[in-house]
Amino acid sequence: YGTTDNDFISFVIFIFRGFCLHVLLVRVMRRQLTLFLLSVLCVCASAISERNVEHTAFHKRDAKTGHLLDVRDDRAYLPLNTVYEEESSVSVTTNVTMIRNGDPVKISWSNPEAGLFDMITIAAPPTRDVSDYLDYRYTTDTVKTGAGEGYFNEVLFNMREDYILRYLVVDKANKTTTVKASTVVRVLKHEPMHGHIAVTEKPGEMRVMWNSDQVDKPYVKYSISPDLQAAAMVGASSKTYKASDLCGPRANDSSSVMYIDPGYFHDAVLTGLKSKTRYYYAYGTENVMSETASFITGPDPNERVQQTKFIGYGDMGVYYPPYVGEGSPGASKVANLLEFDVNEDKGFKPEFIVHFGDISYARGRGYIWDQYMTILTNVSSQVPYMVGVGNHEYDHTSGGSKDPSGAPENGFHPSWGNYGDDGGGECGVPTATRYVGYLQEMWGTYITATRYIAPANGNLVFWYSFNYGLVHVLMFSSEHDYRPGSPQFKWMEQDLKSVDRTKTPWVVVTSHRPLYTSQEQPSDHIVGLHMRLALEELFYTYSVNLHLSGHYHSYESTCPVVSGDCVSDGAGTVYVVVGTAGKSLEEQAYMKYKWSKYQNCNTFGYQQITANTTHLVAQYVTAPDREVLDTLVLKPWDRPSTHEVNARFRREARDQTRVQIDV
């Protein structure tokens, strides 16, 4: 998979150059002119290898593989003067001519006169300009199969457009780029992709969502039979978004690495489902259907179950092995562990998954959304995958009128916060379009009502709640105003007030940003203190058992806590930060707080939660080792015992928090 000895050579050159620079400085200080000149020659000689270290490219990919992992705003230098001069002695070929989504492709090349800067670029569609490529690889960074020939492996995603691969000869001295050869790789047209499911606010329903390149009477067929015999069928609604629907740059920049046509997102609601029953389903059109997937429905809300199991995490991103680099190095580990837990007999078998923000880290790059939706399909098509927004899906500073959440102006930007433009101009549009559907209720040929489903009891994907077994889950947005008096706060209070604890004795609240964390990140710490002032009294009033968050790329858990003090079991909320689902880990030091019970900033993983009628057990499990590093055992709230945390104490603690904010 593209492995050569260039890594070792680059490492040796790196050490050599460092030594030379060291000698240079020493000799200058000692005024030993002869050795100084030798040192200068030494450094100049090592600069011959400069091409190896400048290979960072637009996508912040690994210098050796060139594989797309993450992005930044500089691009590998290509001279503007492009010449088309294809030669029969130069070729770029592939082992396949058509791909399905996520297929591996072997890309081979040959050129008897291959130069140091020769490269293979990958672009979609084939009409893209030569300089507007999506990925690339220098020929010197590929597996050599002989003089002037080699190959490398790529994973190609169906982005609803065919690919073109070009062999480029880059002449930096004469400032020209010459296209010597090209080939086209077709994608399967109309392929249904990115299947994922979600619960609604109504029992006996399941949403099925997917993506394709067209609207041609999309539908879902489903049955309790694996072969889909006597399957029921339900039509789907479809929607999309354009570059002009996004709030700002970079998201609405129509280049191969920014906005690309996302195709259409289809949404169907399966109704009348039996509880605790496995259903098989496929989605697509009469021309192309997906492979069959399955899910198990939730319990009847009027039936008291013995336990409820789910998984929670934040901050994932995308990453495809065997390539290495600076993107989301743990994402593949976490995705593989999720597949094990969902599909294997020895797996945890979650009934649903909650992902509380920082989902794909696309930040305006359409191709990353395609990669992310692919990496999770084997999981999200089999268990309900419930998402919330984080700063990298939503935060924006322009284009507020296009914000689907309806937030005023350009969203939530309090003077004390660090809410910036982390969404790259997306302002939640790609997230809401992928994860929010709508169901049109019909009477004959007339539409009598339109019900938006995320579930439909809050504000689209931004805040909502649902019941599942013994657990009531409330997912709110830390990227919107959550202070008392705000629309979101009023909704949260009404939702928590309406929970029937005889049916759902456990209340779990999620948000992207945490209320409690001791890791040293000053601006985020200030936001957490303000969140405590706004929300902790609400959590106490309505006996929230557990709060889950991410944002910090680390793990931390607290004791049961109220107003900064540990209290007895069943008298306060436990707070867990689990932003370890794949994005690079943050290893800042931790401040000393008595409420912080366990900290870990060097492992990827997620929270496995099991609730029964007497206890809720939350365990932090590492990926890929499946090692349990932290176990929390929560008891139900015991109201008579909470007299120790009286109203006066809580008021005094809030005053102390305000002082801490001022400091």
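Is the link of cysteine 247 and cysteine 427 right-handed or left-handed? In this predicted model, the link turns out to be right-handed, with 85° about the S-S bond. The two sulfurs of cysteine 247 and cysteine 427 sit 2.1 Å from each other. This pair ties together distant parts of the chain, 180 residues apart. Cysteine 247 belongs to the loop between β15 (237-239) and β16 (264-270), while cysteine 427 belongs to the loop between α7 (391-394) and α8 (429-435). Both cysteine 247 and cysteine 427 are buried.

A search of the whole structure turns up 2 disulfides. The link of cysteine 559 and cysteine 566 is left-handed, with -90° about the S-S bond. Cysteine 566, with a relative accessible area of 32%, is partly exposed. As for cysteine 601, a relative accessible area of 16% makes this residue buried, because the cut-off for buried is under 20%.

Now for the nonpolar cores. The largest one has 90 residues. Within this core, the residues with the most contacts are Tyr163, Met316, Leu338, Tyr372, Phe476 and Leu535.

Note on methods. Residues numbered from 1 in each chain as written. Predicted model: local features only at pLDDT ≥ 70, side-chain atom pairs only at ≥ 80, totals over all residues. Heavy atoms only, no water. Core = buried A, V, L, I, M, F, W, Y, C linked by side-chain atoms within 4.5 Å. Buried < 20%, exposed > 50% of the residue type's maximum accessible area, 1.4 Å probe, protein only. Disulfide = S-S within 2.5 Å. Helix = DSSP H or I, 4+ residues; strand = E, 2+ residues; numbered from the N terminus.
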